[in-house]
Amino acid sequence: MRSPRSIVAIGVLAVAVSAVATVSPAMASTLSSAGGTLQLGPPTLIWEQALGSELLTYEDGSLGFAGTITGTGTIDVLAVVSSTGTETFIAHWSALATVDGRRGLLNISLDGTDNGTYSGTLVAYGTGDLTGIVGEGRFTGQDATGAGTYTLSYVDW
């Protein structure tokens, strides 16, 4: 039987692959790379459940982006916390945002770890007025302040 962490990781990988696979080189106009800062607000614990020697938690909070992405919204986080306190998490953020001056609904899936410093990868895709924006990147930051940075490579087809 697969562990919940393996199932979660497989699900995140499937979402990332399907998002990137939908963009063929012929469809992409140009590849853009940029980034900026992010600010993670204090989390609110929704629920937690013991999972053997680990803990499964679900939290929400605020996450704001500045730079290539500009916008603030709610982030939902599902995490497995080890007995040493290290978290492995997946998260989803969706908000009205601006990407290089174009405004619409942006969805971001984040996959990472947190041991006082959080980091990982993200996959972004737009809907509504941001339809056609698909990208991937990395993020890192500090728990103590919530402040961090991100990079983003994306196409707008």
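What pLDDT does the protein chain average, and what share of the residues score at least 70? The chain averages 87, and 82% of the residues reach that score. pLDDT is the predictor's confidence in each residue, from 0 to 100. This is a predicted model, in which local features need pLDDT of at least 70 and side-chain atom pairs count only at pLDDT 80 or more, while totals for chains, interfaces and linings use all residues. Residues are numbered from 1 along each chain as its sequence is written, and side-chain values use heavy atoms, with hydrogens and water left out.

**Stop 1: the whole chain.** Show the cartoon. Along the sequence they run α-β-β-β-β-β-β-β-β-β. Helices (H or I, at least four residues) and strands (E, at least two) are DSSP runs, numbered from the N terminus. Of the 157 residues, 38% count as buried. Buried means under 20% relative accessible area, exposed over 50%, and partly exposed in between (1.4 Å probe, protein chains only).

**Stop 2: residues 5-26.** Select them. Here pLDDT stays under 50. The model has 18 contacts beyond four places in sequence for this stretch. A contact means heavy atoms within 4.5 Å.

**Stop 3: D100.** Go to the loop between β5 and β6 to find D100. D100 is not a glycine, yet its phi is positive, about 50 degrees. D100 is exposed, with a relative accessible area of 54%.

**Stop 4: R102 and D156.** Show both side chains. They form a salt bridge, with the closest N and O atoms 2.3 Å apart. D156 lies in strand β9 (residues 147-156) and R102 in strand β6, so the pair ties together parts 54 residues apart in sequence. The count comes to one salt bridge, taken as a side-chain nitrogen of Lys or Arg within 4 Å of a carboxyl oxygen of Asp or Glu. D156 is partly exposed at 29% relative accessibility. R102 is partly exposed too, at 26%.

**Stop 5: the largest pocket.** The space in the largest pocket is about 390 Å³. Of its 21 lining residues, select L40, V77, D114, Y118 and D143, the closest to its centre. On a 1 Å grid over the protein atoms alone, a pocket is an open set of points where a 1.4 Å probe fits, with protein on both sides within 12 Å along at least five of seven lines; lining residues have an atom within 4 Å of a point. Now colour β3, which gives the largest share of the lining, four residues.

Key
Grid points are joined across faces, edges and corners, and a volume is the space filled by probe spheres set on the points.
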